[in-house]
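Thanks, everyone. Please bring up the structure, and I will walk through a few parts of it.

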Amino acid sequence: MSRRLFLQGTAFGSAAVAGGTLGPWPFSAPPASAALASAALATSGMPAGLGYPGLPEACMFGAELQYFRMSPSHIPARLELCREAHFGVIQAYVPWNVHEFTRGMFDFEGRTIPILPDDHFDEYQEEEPQAEIQAGGLIGRFGLTANTNLVLFMQQVKDMGFKMILRPGPFISDEWRSGGLPDWLLLDGDPSMFVKGPDGSTLGPGFPFSPPLSTATGGSTLFYFSSPSYASQEYLSAARTWLTTFTKFLIDGEWLSTQGGPVVGMQVDDESCFFYRFGPFEVDYNPDMLARWNSYSGGQPAPRAWPPQSAGIESLRPAFLWQRFKAEQIGVYLAALSTDLRDAGFNLPINHELELDLSGPGEFFIDAQNVILDGEYYNGSDPSNIPLNEICAQAIRAASRQQQPTFGVEMNTGDPLLYNVLVGEGIYGGLQFTYTEGLTDGTLGEMEPLGRAFQAAGPMLSGSTRRADVALVWDNTLTWAPFGANRWGFANDVRAVIERHVPALATLLIRGGFAFDFVDVNVAQSEDLTQYPTILLGAADIMPAAFQSQLVEYVANGGRLVCMPTPPRLDSELNPCTVLSAALFPEPVINHDDTDATLVQIAGTTVPTWLGVDLYQLSGESTVVATLNGSPCGYERPYGRGSAVLLGTWLAADSVPERAGMELETAPIPPEADPVLILTQMATKYLGEATAARIPQQLPGGTPQIAIVYYYANERRGGETIASGCLAYFDGENVVGLAGPNTDINQPPIQIYPYHPILPGHITVVQGLAGVTPHVVVSSDDPTKIQARILDGPDGQGATIVVANRWPDRQKLALSSTVGGQPVRLPLRDGFVLPGGVGLFLPVRWPLPQGRTLVQATAQLLEVLSTPAELALTLLAPSSAEVVLALEAVPNRVTVNGSPSVFWSVIPQADGTFTMVVAVPSGQPDLVLSFP
């Protein structure tokens, strides 16, 4: 179950997404926190305590279990299920308003039973009320009886062998009353504590809440929370007392792993983003925050709305600076809370959960300087979600220049393939989010093999290093631009580049078989770029001057840069800056063809390209790589030891899942059904009749297989959008967008999505432009539908090929790569079958006890037992599989599932060892080798 159910269960299911007149809000919003005026944002280095010392040597695998919602007597049964699934980590929020229900009275031992008013309908989010109660949840929806016995819970967790990550806030998001902030703080505190909107209205205690339109600009929130300002000294002082007291409780009880306890990490705050006030001008005009702004900006007035479009690009500078300031204030806030924990004696890693929708005002590259960043992964593993999980994973990794370990701090339950996808993207496992279940009922059979696989792999996965084939330039600060930024004079819609076009390029790379890293323009260093043979740039008008220079240096030192459609012409302060184009792309544009879907010839392949084409007049130093009707529209030019390619059009554009979309609902479309009728019904339900009326009778793409409503919560960040959505369908190859409400008040009410599919020709072209062969080459019925990544083991020992078939149809495939400089092919001959919706961790040269080696296998290792007399392997094989072993002696008996096997052979090696090849059947075969 996912957060999709929550959105379906609230009024966001129709009215808010469909747009319309804003009246009183039936929602609530999340609370804020304060940052010390004296706190300084870190500008270099990484947080102390990287890694997760004390954790088992395996990928993060476990779940959230919220003891405070549960009867203590029910907790052991849920933990036992988690143990059966081979979970290693239990995570839990620790609500401030439960454990300090009365000011100054802290209870972690169950001495009190506080009753909190229930102001949320959060059962829709994860578990139905009856399911919560059956799993041990406390009864009472309008008066929640809270369990304060954290000591007993932690002892139960410890006794069952789990590690723990605790999340004491002070804000713990929208799963609990007031986000965990105590009523005594919110109701009795100084009214000046709270954030203010641009009109001066205070977002303090009150429900229901009906703000003026000016404070709604940029988006409503799912719930209304009283929102302390990040600049409030009163709030920060109270939060410091809470965090200090909680840390002292942990240390005094010897609960930290450094003391022999189960606690291995602490999350500080939760999804810090001004309490889901994403719009640039929603908050914070609190006088204390404005005093900081005054110092930061040199006395500029704080912007409260977008300037007139007629004022031009330069008029946007204050709005961009204001958003950078707010992003930095979140960094300052997280730094202050982390300092509170350190000062209180907490000596383990401190992490922070990022908002699911990559939404501002926070910026990853700023937050990563102060805490370890971990993401939410609630989008599923099915192909209609490509590239959402990949974008979130790579944006987080790029924020720390791929130097911080990161895991999924919250993710869907019961989706083992999602783990496979994430590990392939360099995410070291994850924790499923539940309230009172831990392991979702009915999913043990799916999750238990995954837990065993993580344990068997150990540091071969958790200590691995992901290989990237290419890099893709990433700049999330482009979201500081308004929607329709070209109305202010930009050559391109800056916001569309990062929301839709770069995600489309990411999808194209995935379909082309490439593993990509992001390089974040705000933090990447020159030495970071040199590890990639090719960097692709989907360019907007804006790019920091320093990064433009780094790209020039990268090419001069032998790199290959592929840019489309036009190089940047402004720096991040919106000043003219053409460093990149002057050095690498000097050929003049002599004409522009505005025609969409123009057929262009690129390196011998004719494909439609998107959103117009630039034509160039080339000098003798440039080589034509693309033409439109015989005229150059793309060229390659040498520079130093490298080369730069400019393609004057978009090879991929207008991703429908976008940068951070979310599937609100999906529905299969049977072959015999009327697809237009099903799509119309879904549009009417979620997006309104006006959207439904714009569905064409002749659908633009292939045969519809799945109807989808996407929800774009992140678009609230744009300042004119309240919430946006799109009706789409998946045709087995592409997500085809149709229509959705356009809540930008300056645009038509309904937006028709362009049809810009990824076709086989586009994949061929990007493979040629990249100029490199992927580290894992897939040979299959359809290689574009197999996702394969290679992770090198620690200390250069072996590797793991992570392979996923996210499509429904089975594929027969073979995989080729190199490990330790030597070629590898899985299997040795022919191929193996990977069913649809299945992923595997395939071992290559994994060291085993007794000096043995698992040379390779087309099955996943679940368990190994090695003694001088016997080697026993338990495997997961979706189809018949091959296992190759390196042994010091020939076994005298080989059994599979207890029966003697004749399907094996031994090859003597020159060094006196033996290579053994064994065939095993599908299922979970037990392979046992006995030695004399």
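Start at the beginning of helix H10. There, a side-chain oxygen of Asn286 comes to within 2.8 Å of the backbone nitrogen of Asp288. Keep in mind that this is a predicted model.

H10 itself covers residues 287-297. Which of its residues are buried? Met289, Arg292, Trp293 and Ser297 are. Look down the axis of H10: the buried residues fall within an arc of 120°, so they line one face of the helix. What covers them? Helix H11, residues 317-343, is part of that cover. Now turn to the face of H10 that points away from the buried side. Pro287 and Ser295 sit there, and they are exposed. After H10 comes Gly298, with a positive phi near 75°.

Next, strand E22. How do the side chains divide? Gly642, Ala644 and Leu646 point one way from E22. Ser643, Val645 and Leu647 point the other way. Both sets are buried.

Now the partners of E22. Strand E21, residues 631-639, runs antiparallel to E22, and six bridges join the two. E21 and E22 make a hairpin, with two residues between them. In that turn, Gly640 has a positive phi of about 60°.

Strand E15 is another partner. E15 spans residues 560-564 and pairs with E22 in the parallel sense, over four bridges. Here, Arg560 has Ser643 of E22 as its bridge partner. In general, strands of a sheet pair through backbone hydrogen bonds, either parallel or antiparallel. E22 takes part in both kinds: parallel with E15, antiparallel with E21.

Last stop, an open sheet. How many strands form it? Eight, in the order E11-E29-E30-E34-E35-E38-E42-E41. The pairing is antiparallel. Which strands lie at the edges? They are E11, at 465-466, and E41, at 904-908. Each of these two pairs on one side only.

Inside that order, look at E30 and E34. E30 is residues 799-805, E34 is residues 838-847, and they pair in the antiparallel sense over seven bridges. To find the place on screen, pick Val803: this residue stands opposite Leu840 in E34.

Notes. Residues are numbered from 1 along each chain as its sequence is written. This is a predicted model: local features need pLDDT of at least 70, side-chain atom pairs count only at pLDDT 80 or more; totals for chains, interfaces and linings use all residues. Side-chain values use heavy atoms; hydrogens and water are left out. Two strands pair if DSSP finds at least two bridges between them. Buried means under 20% relative accessible area, exposed over 50%, partly exposed in between (1.4 Å probe, protein chains only). The arc is that of the directions from the helix axis to the C-beta atoms. Contact means heavy atoms within 4.5 Å. A polar contact is a pair of N or O atoms within 3.5 Å; within protein, one must be able to donate a hydrogen and the other to accept it, and residues adjacent in sequence count only if both atoms are side-chain atoms.
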